[in-house]
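This briefing walks through a single protein chain, topic by topic. Please keep the sequence and the model open side by side while reading.

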Amino acid sequence: GDAACGAGFVEEALGLIRSARKASTKQAEKLAAASKAPARKKAKTERNFRPVANFVPADFAQDHMPPEFTIWKDEKENRFKVRNRFMGTFSRSWQAHGEVESLGKCANWAWEHYSKLYGVE
């Protein structure tokens, strides 16, 4: 009675486990095949072609940097660059992010690294 019922339950459970493994194996194979497919080129969007607005002065940008971090506008490469002698250099393009957002990303990087460098929260 109970042993037969228990054995039936175990067989049913094992059957479910086997079918789940087969399904997950098939799904894994599909994912692997999809990852081997040739990569499609990214469609060009408006984000790639943001106009370069020149309304953020360099001295305003420097006023928002932590001590020992220098930021400058690289007009040749259309980007803000921020540098610290211990933490290196970071930059973001105006064309990809817009002038204000690229300044914000550089300032964020600078303040995060300043807090890591000096233990300031």
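Strand S1 (residues 70–74) pairs with S2 in the antiparallel sense over five bridges, where strands, numbered from the N terminus, are DSSP runs of E of at least two residues and helices are runs of H or I of at least four, and where two strands pair if DSSP finds at least two bridges between them. S2 and S3 also run antiparallel, and six bridges join them. This is a predicted model, in which local features need pLDDT of at least 70 and side-chain atom pairs count only at pLDDT 80 or more, while totals for chains, interfaces and linings use all residues. Residues are numbered from 1 along each chain as its sequence is written, and side-chain values use heavy atoms, with hydrogens and water left out.

**Strands and hairpins**

- Asp-74 stands opposite Arg-79 in S2, and Arg-79 in turn has Ser-93 in S3 as a bridge partner.
- The hairpin of S1 and S2 has four residues between the strands, and Asn-78 takes a positive phi near 55° there.
- S2 is joined to S3 by a hairpin through three residues, and across this pair of strands Arg-83 stands opposite Thr-89 in S3.

**Overall layout and confidence**

- The protein chain holds four helices and three strands, and read along the sequence they follow the pattern α-α-β-β-β-α-α.
- The mean pLDDT (the predictor's confidence in each residue, from 0 to 100) of the protein chain is 75, and 55% of its residues reach 70 or more.
- Confidence in the protein chain is lowest in helix H1 (residues 2–35), at a mean of 62, and highest in S3, at 94.
- Over residues 44–49 the pLDDT is below 50, and this stretch has seven contacts in the model beyond near neighbours in sequence, a contact being heavy atoms within 4.5 Å.
- Of the 121 residues of the protein chain, 23% count as buried, meaning under 20% relative accessible area, with exposed being over 50% and partly exposed in between (1.4 Å probe, protein chains only).
- Among contacts between residues at least 6 apart in sequence, 43% join residues at least 24 apart.

**Surroundings of Ser-93**

- Ser-93 is found in strand S3 (residues 88–93) and counts as buried, because its relative accessibility is 11%.
- The side chain of Ser-93 reaches the backbone nitrogen of Gln-95 at 3.1 Å, and a polar atom of that side chain lies 3.4 Å from the backbone nitrogen of Ala-96.
- Leaving aside neighbours within four places in sequence, Ser-93 is in contact with Asn-78, Arg-79, Gly-98 and Ser-102.

- Leaving aside neighbours within four places in sequence, Met-65 is in contact with Ile-71, Val-82, Leu-103, Cys-106, Ala-107, Ala-110 and Trp-111.

**Aromatic pairs**

- Rings of Phe, Tyr and Trp (its six-membered ring) pair if their centres lie within 6.5 Å, with planes under 30 degrees apart counted as stacked, over 60 as edge-to-face and the rest as tilted; by this rule the count comes to six aromatic pairs.
- Phe-69 and Trp-109 form an edge-to-face pair, 6.1 Å centre to centre and with 80° between the planes.
- Phe-69 lies in the loop between helix H2 (58–63) and S1 and Trp-109 in helix H4, so this pair ties together parts that are 40 residues apart in sequence, and both Phe-69 and Trp-109 are buried.
- The rings of Phe-80 and Trp-94 are also edge-to-face, because their centres are 5.8 Å apart and their planes at 75°.
- Phe-80 lies in strand S2 and Trp-94 in helix H3 (residues 94–97), so the pair ties together parts that are 14 residues apart in sequence.
- Phe-80 is buried, with a relative accessible area of 0%, and Trp-94 counts as buried at 1% relative accessibility.
- Ring pairs link Phe-69, Phe-90, Trp-109, Trp-111, Tyr-114 and Tyr-118 into a cluster.

Terms used:
Polar contact = N/O pair within 3.5 Å; in protein donor to acceptor, adjacent residues only side chain to side chain.
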